[in-house]
Number of protein chains: 2
Amino acid sequence: MSIGAVLLDLEGVLHQDGVALPGSVEAVAALCVAGLGLRFLTNTTTRPRSAIATRLRAMGFAVDDGEIFTPALAARGVLIDLGVARVHLAAPPVLAEDFAGFSLVETAPEAVVMGDLHTGFSWQRLDGLFGMIIDGARLVALHKNRYCRREGRLALDLGPFVAALEYAAEVEAEVVGKPSPAFFRLGLASLGVEPVAAVMVGDDLIADIGGAQSAGIRAVQVETGKYDPRDRDHPRIEPDARIPSIAALPGWIAARENG
Amino acid sequence: MSIGAVLLDLEGVLHQDGVALPGSVEAVAALCVAGLGLRFLTNTTTRPRSAIATRLRAMGFAVDDGEIFTPALAARGVLIDLGVARVHLAAPPVLAEDFAGFSLVETAPEAVVMGDLHTGFSWQRLDGLFGMIIDGARLVALHKNRYCRREGRLALDLGPFVAALEYAAEVEAEVVGKPSPAFFRLGLASLGVEPVAAVMVGDDLIADIGGAQSAGIRAVQVETGKYDPRDRDHPRIEPDARIPSIAALPGWIAARENG
């Protein structure tokens, strides 16, 4: 089947630390000109959708706010499905913008939404969240990444703190970001494209490649960002293709469509 | 088979917050007079063996340091088995006393030993431990209790922070305290008594009762301390007997021996 939509990861694929990767602006423009539907899927939990879009536009990408999908957007849907009104947001305060319409509370929430508080994850903060959960609040995790790169070395990401609360309260968090298959389907649904007609492009073997494939979407890994040559030895996850960088994507799609 | 040894939990069984429970001093004395071997098994990670013994003697219990078994004692054995010399102690500094003979280091350890740092578990502290583990240090957890009672309410215990690091670094900690069967065997071995000839007495259904039974030791639950009437509905763990308090133990043993 022909490719009708492309889902793109941001950090490590389009840009690195806010600087566009070589050829990435031109590649996104070429995909758009080719008539492909585009959606941008990020696991960022520290910026609202509007700020992510503004930042991308400053780098030269032609992107609308509505084309960007973050875990906060996915969490909104989960909270609505759960019938939750009172939400405690354990995430940077700026993220509140993406939870308009919910009652954001400090006590007795019906759900706790966890983003990356980084050094804000103190014993006291975690213990407070534990108290809310054992009092009945549902736990929604924006993602559950184990670690990330900070200042040039591997450091704790959000996932370990989600795991800590799951263990303490004997609950399982609803994890909404990548690699949750529902997150990829959410992005695609807004385009009206079926999974078999889409391709996800990312640098993270687990979150991007494994996640997309589990949603029935083919996945291409770029050899930029957090790509690691050891990814080639992974026992379970194998991308449908690898390309040196996003710059090679329009050519890869054209060759595939004509091949 | 006749009972030759009794393993006793401390907090919630012999005393509560440092105050001997009614009849507990007399009960321990009666067990001793009856010729039973006694060992005291606690999951405390915040006091060394010597301080625990001193505290018990101040409450009126006739106990020698060598009769007390703590997770730190069990950890020593594990570290020796692993051939580890350089240890990073992520526990209250006073616990260093129980690790005499090891080189206690702040960088590049061969093993990280985790006790309960309580509010000392900051993002920075946990991230530092994460760095040691991904650099190759083994993770030894003094216990993995989910929560405990602090100031009258449930609060995070050590376990959630062990779970966080296990998840972050994709490792499994060596958990040495209760309910690890090896911990109960360690206490018994020092008496030269077989599991079938021993009885463990505790208030915690998981750590004391389930742990002892998994080591082949019969277990009696007291209805003091953290005993909860809902323990009677547990789907898997059922003590061999329940008694109102430690004060009833000499009578229970005598009735059993004569019955």
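## Two copies

Chain A superposes on chain B by a 180° rotation with 0.0 Å of shift along the axis, at an RMSD of 0.0 Å. Contact means heavy atoms within 4.5 Å.

This is a predicted model; local features need pLDDT of at least 70, side-chain atom pairs count only at pLDDT 80 or more, and totals for chains, interfaces and linings use all residues. Residues are numbered from 1 along each chain as its sequence is written, chains are lettered from A and ligands numbered from 1 in the order in which they are written, and side-chain values use heavy atoms, without hydrogens and water.

## The sheet of chain B

Five strands of chain B form an open, parallel sheet in the order β7-β6-β8-β9-β12. Strands are DSSP runs of E, at least two residues; helices are runs of H or I, at least four; both are numbered from the N terminus. Strands pair if DSSP finds at least two bridges between them. β7 (103-104) and β12 (174-175) of chain B are the edges, each with a single partner strand, so one side of each lacks a neighbour in the sheet.

Two bridges join β6(B) to β7(B). B:Val87 has B:Leu104 of β7(B) as its bridge partner. Helix α4 (residues 123-134) of chain B packs on the sheet, touching β6, β8 and β9 of chain B, at about 155° to the direction of β6(B).

## B:His88

B:His88 sits in strand β6 (residues 86-90) of chain B. Beyond four places in sequence, its contacts include B:Glu106, B:Arg125 and B:Met132.

## Helix α3

Helix α3 (residues 71-82) of chain B lies across β6, β8, β9 and β12 of chain B, at about 160° to β9(B). Angles run from 0 to 180 degrees between N-to-C directions, with axes fitted to C-alpha atoms, for helices over the stretch in contact.

Buried residues of α3(B) include B:Leu73, B:Val78 and B:Leu79. Among their covering elements are α2 (49-58) and α6 (181-189) of chain B. B:Gly83 follows α3(B), with a positive phi near 75°.

Key:
Least-squares fit on C-alpha atoms with pLDDT ≥ 70 in both. Buried < 20%, exposed > 50% of the residue type's maximum accessible area, 1.4 Å probe, protein only.
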